[in-house]
Amino acid sequence: MKNKSTAAAATTRNSSAWHIRQALLADVPALVALEHQVFDYSRIGRASFRRLVQRPSARVYVAYNDGQQLLGYYLLLTRKNSRKWRIYSIATAAAARGTGLGKALLRHAMHLAQQAGASALSLEVRTDNHAAIGLYQAHHFAVVDVLPGYYDDGDSTEASNDGYRMQVTFAELAD
């Protein structure tokens with residue numbers, strides 16, 4: 001079982017729209033279904049989600065509505081002896097887009113990483129995902145690398161396969 005800080009163990013609520021909590025093994029089927037709804041490429045499978053939910057170096061958090069429908073999730077990865085964490089995946093269901101859930105998940109991930117002592121948080125995003133890039137920039141993420149052909153999704157248009165590596169450094173936010 002993962003160690004949980006007091007801040008990370010708490011459930012985050014947004015009025016009655018959703019609540020965010022740490023994922024359980026029972027969430028895996030819904031996570032896999034959401035993954036297939038949201039992504040056309042590089043999907044996380046059932047066995048991988050099962051491992052990640054149980055792995056101490058991974059933090060998987062889910063957002064459910066009061067009807068117990070999975071609306072989104074994020075996956076943070078850590079490495080031993082590293083204070084730089086990575087958002088490996090963040091996803092919201094189509095029905096939850098435009099509600100602020102993506103922002104809430106990102107803020108929750110940033111808070112969790114900071115509370116656990118991370119010095120920076122990085123992620124990768126498609127160069128044509130303008131909504132996500134805008135959200136990340138609004139939260140002080142900056143492009144630190146261009147990743148040509150990073151997303152191998154079978155799309156023949158070269159630019160749509162490119163990615164950005166973005167990063168936020170928490171010490172810079174404190175200044």
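Tutor: Helices (H or I, at least four residues) and strands (E, at least two) are DSSP runs, numbered from the N terminus. The model is predicted, so local features need pLDDT of at least 70 and side-chain atom pairs count only at pLDDT 80 or more, while totals for chains, interfaces and linings use all residues. Residues are numbered from 1 along each chain as its sequence is written, and side-chain values use heavy atoms, with hydrogens and water left out.

The expected span of a helix is 1.5 Å times one less than its number of residues. For the 15 residues of H4 that gives 21 Å, and the end C-alpha atoms are 21 Å apart, which agrees. Just after H4, Gly117 takes a positive phi of about 95 degrees.

Next, burial. Buried means under 20% relative accessible area and exposed over 50%, with partly exposed in between (1.4 Å probe, protein chains only). Within H4 the buried residues are Leu101, Gly102, Leu105, Leu106, His108, Ala109, Met110, Leu112 and Ala113. Arg107 counts as partly exposed because its relative accessible area is 48%. From Arg107 to His139 the C-alpha distance is 8.2 Å, although 32 residues separate the two in sequence.

A nonpolar core is a set of buried Ala, Val, Leu, Ile, Met, Phe, Trp, Tyr and Cys residues joined through side-chain atoms within 4.5 Å. The largest one has 29 residues, and those touching the most other members are Tyr74, Leu76, Ile87, Leu121, Tyr136 and Phe141. At least two residues each come from strands S2 (18-22), S3 (58-64), S4 (70-77), S5 (84-92), S6 (120-126) and S8 (163-169), and from helices H4 (101-115) and H5 (130-138). H4 gives the most to this core, at seven residues.

As a general background, nonpolar side chains tend to be buried together in soluble globular proteins.
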